[in-house]
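Trainee: I would like to learn how to read a structure like this one. Where do we begin?

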Amino acid sequence: MNLMQTSINESMIADVVTQTVDELTPRNLFHFSAPRQTLVGEGAILKIGTLLQDLNVVHVLIVADKVVYQKGLLSSALRSLARAGIETNVFSGIEREPGTDVVQQGVTQLKQCNADFVLGFGGGSALDAAKVIAMLGSCNCTIEEFVSPGFSGRRTIGLGAVPTTAGTGSEVTDISVILGPDREKKFLNKHADLMPDLAVVDPGLMLNLPPSVTAATGIDALTHAIEAFTARNANPISKALAIAAIQKLVHALPIVVGDGEDREARLDMATAAYEAGLAFGNAGLGLVHAISHQVGARYKIAHGVANGILLPFVMVFNGLVCRSEYAAIAQVFGVARDAMTERQRCDAGVTAVRQLLADIGLPNSLVAAGARPEHFNELAEAALQDICIVDNPRNVTKADIIAILQQASGT
Ligand SMILES: NC(=O)c1ccc[n+]([C@@H]2O[C@H](COP(=O)([O-])OP(=O)(O)OC[C@H]3O[C@@H](n4cnc5c(N)ncnc54)[C@H](O)[C@@H]3O)[C@@H](O)[C@H]2O)c1
Ligand SMILES: [Fe+2]
């Protein structure tokens with residue numbers, strides 16, 4: 001026998017064994033991202049000047065929701081920035097569900113004023129527009145390039161988020177949602193640089209939110225928490241945040257719909273939306289969002305309203321693989337009883353969600369909200385391509401989605 005050959009073979013085997021062990025060792029890893037800095041609490045907005053001063057910001061462009069601007073909700077922030085000696089411009093053209101045109105106007109204003117920081121101020125619509133404006137302004141690229149696969153630009157302009165709704169959690173996600181040029185399809189982008197550097201969450205800015213918007217945005221937060229809790233990509237931190245969010249929402253959502261000026265409940269709502277945002281930003285979402293992105297864009301149904309209509313039907317569908325999670329949700333809603341089986345608790349969790357939706361007066365039919373059954377085949381095909389579907393806990397077919405669309409329409 002050739003001794004040389006034997007020793008080479010042994011070393012080769014040793015290499016293979018070491019490599020296999022190395023590849024097997026890092027198991028169950030998960031990555032967790034969040035804004036570098038967050039300030040939460042009533043009056044937090046009064047600190048915006050000093051917060052940006054600490055980040056060496058010289059000139060800020062505030063990308064604001066039109067209604068929020070008209071209501072004067074920017075005034076304390078503007079005073080705080082002026083006191084800190086930070087030059088400020090305001091772009092207040094953001095309306096519900098911003099499209100590529102309004103984002104382009106914001107980019108033009110950003111280039112004109114040469115700001116080194118973009119501060120989104122409003123609901124998810126304003127925050128998402130601000131994220132994309134900061135990205136496009138940094139990379140000098142078009143929106144078509146930004147939404148194309150393989151986009152490699154980086155954000156160099158600072159980014160902050162001040163939510164005025166307790167819903168999307170956009171202040172803590174690396175996601176933006178913008179309507180395409182035809183305004184019939186949503187571009188959903190995920191990019192590490194879409195994560196704001198700073199989130200300032202002040203529930204005092206949400207006291208005047210009308211009951212219908214409070215209800216719809218609150219249900220968006222609940223859907224984030226429930227979908228993140230059951231997502232395929234969930235991890236122990238995202239699960240803990242999701243359940244903490246559900247706990248607050250169950251208690252606070254009916255209160256803020258009934259009494260928008262309840263400050264404690266508004267703080268719970270703002271905190272819950274933040275927690276749910278962190279949970280889904282890291283764990284992913286599921287079938288409710290995959291379908292709701294399609295029906296929302298096509299029929300101009302508010303994001304939270306579309307989610308609310310779909311949520312109980314998707315929960316029933318996913319119940320097959322989420323028994324223990326839905327049983328845990330029933331526990332949080334206070335509807336689980338000792339004598340119940342896990343299956344009964346799971347069903348009780350779904351019923352409790354349905355009851356909450358009815359209590360806060362959200363619609364329960366897609367057709368009543370404007371959807372057309374003859375589009376369901378096309379909508380199902382688009383939902384299958386939506387990025388959110390990959391984290392849904394149960395495998396989904398086109399026929400399953402059509403059945404859910406029909407159930408959610410009462411047809
Ligand atoms: N980036 C993400 O992670 C993420 C997640 C979920 C949803 N979204 C997107 O966010 C958008 C929806 O955001 P939204 O639900 O917050 O709604 P929104 O930003 O469209 O605001 C809803 C309405 O509330 C008004 N409003 C906002 N704050 C107010 C206040 N304090 N007082 C009075 N009126 C106020 C706005 O003018 C608007 O008419 C959608 O485009 C959705 O696709 C993004
Ligand atoms: Fe959402």
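Mentor: We begin with burial. Asp-193 has a relative accessibility of 9%, so it counts as buried, the cut-off being under 20%. Keep in mind that this is a predicted model.

Trainee: Where is Asp-193 placed, and which residues is Asp-193 in contact with?

Mentor: Asp-193 sits in the loop between β7 (186–190) and β8 (198–201). Leaving aside neighbours within four places in sequence, Asp-193 is in contact with Met-135, Gly-153, Arg-154, Arg-155 and Leu-159.

Trainee: Is Ser-238 buried or exposed?

Mentor: Ser-238 is buried, because its relative accessible area is 0%. This serine is found in helix α9 (residues 236–258). Its side chain reaches the backbone nitrogen of Asn-235 at 2.9 Å. Not counting residues up to four places away in sequence, Ser-238 touches Phe-32, Ala-279 and Ala-283.

Trainee: Where are Glu-97 and Lys-300 placed?

Mentor: Glu-97 is in the loop between β3 (87–94) and α5 (100–113), and it counts as partly exposed because its relative accessible area is 25%. Lys-300 is in the loop between α11 and α12 (303–318), and its 52% relative accessibility is why Lys-300 counts as exposed.

Trainee: How do I read a metal site? Which residues coordinate the iron ion (ligand 2)?

Mentor: Look at the donors, then at the angles. For four tetrahedral donors the ideal angle is 109.5 degrees. Here the iron ion (ligand 2) is coordinated by Asp-220 through OD and by His-224, His-289 and His-303 through NE2, at 2.1 to 2.2 Å. The angles among the four donor atoms run from 83 to 169°, and the site is irregular.

Trainee: How are the donor residues of the iron ion (ligand 2) spaced in sequence?

Mentor: The spacing is D-x3-H-x64-H-x13-H. One pair links distant parts of the chain: Asp-220 in helix α8 (residues 211–230) and His-289 in helix α11 (residues 287–299), 69 residues apart. Asp-220 and His-289 are both buried.

Trainee: What is the idea behind a nonpolar core?

Mentor: In soluble globular proteins, nonpolar side chains tend to be buried together. The largest nonpolar core in this model has 81 residues, and those touching the most other members are Ile-226, Ile-246, Leu-287, Ile-291, Val-295, Leu-366 and Ile-401. This core draws at least three residues from each of domain 1 (37–206) and domain 2 (211–407). Apart from it lies another core, of 27 residues, including Ile-94 and Phe-151.

Trainee: Which residues is Ile-401 in contact with?

Mentor: Neighbours within four places in sequence aside, the contacts of Ile-401 include Leu-287, Ile-291, Ala-380 and Val-396.

Trainee: How far apart do the C-alpha centres of domain 1 and domain 2 lie?

Mentor: They lie 26 Å apart. As for contacts, 27 residues of domain 1 touch 26 residues of domain 2.

Trainee: And what about Asp-400: in which helix does it lie?

Mentor: Asp-400 lies in helix α16 (residues 398–407). Its contacts, leaving aside neighbours within four places in sequence, are Phe-317 and Asn-395. The C-alpha atoms of Asp-400 and Ser-11, 389 residues apart along the chain, are separated by 53 Å.

Terms used. Residues are numbered from 1 along each chain as its sequence is written. Chains are lettered from A and ligands numbered from 1 in the order in which they are written. This is a predicted model: local features need pLDDT of at least 70, side-chain atom pairs count only at pLDDT 80 or more; totals for chains, interfaces and linings use all residues. Side-chain values use heavy atoms; hydrogens and water are left out. Helices (H or I, at least four residues) and strands (E, at least two) are DSSP runs, numbered from the N terminus. Buried means under 20% relative accessible area, exposed over 50%, partly exposed in between (1.4 Å probe, protein chains only). A polar contact is a pair of N or O atoms within 3.5 Å; within protein, one must be able to donate a hydrogen and the other to accept it, and residues adjacent in sequence count only if both atoms are side-chain atoms. Contact means heavy atoms within 4.5 Å. Donors are N, O and S atoms within 2.8 Å of the metal (3.2 Å for Na, K and Ca); water is not among the atoms, so sites may look incomplete. Four donors count as tetrahedral if all angles lie between 85 and 135 degrees; four count as square planar and six as octahedral if opposite donors are over 155 degrees apart and all others between 65 and 115; anything else is irregular. A nonpolar core is a set of buried Ala, Val, Leu, Ile, Met, Phe, Trp, Tyr and Cys residues joined through side-chain atoms within 4.5 Å. Domain bounds come from an automatic or database domain assignment.
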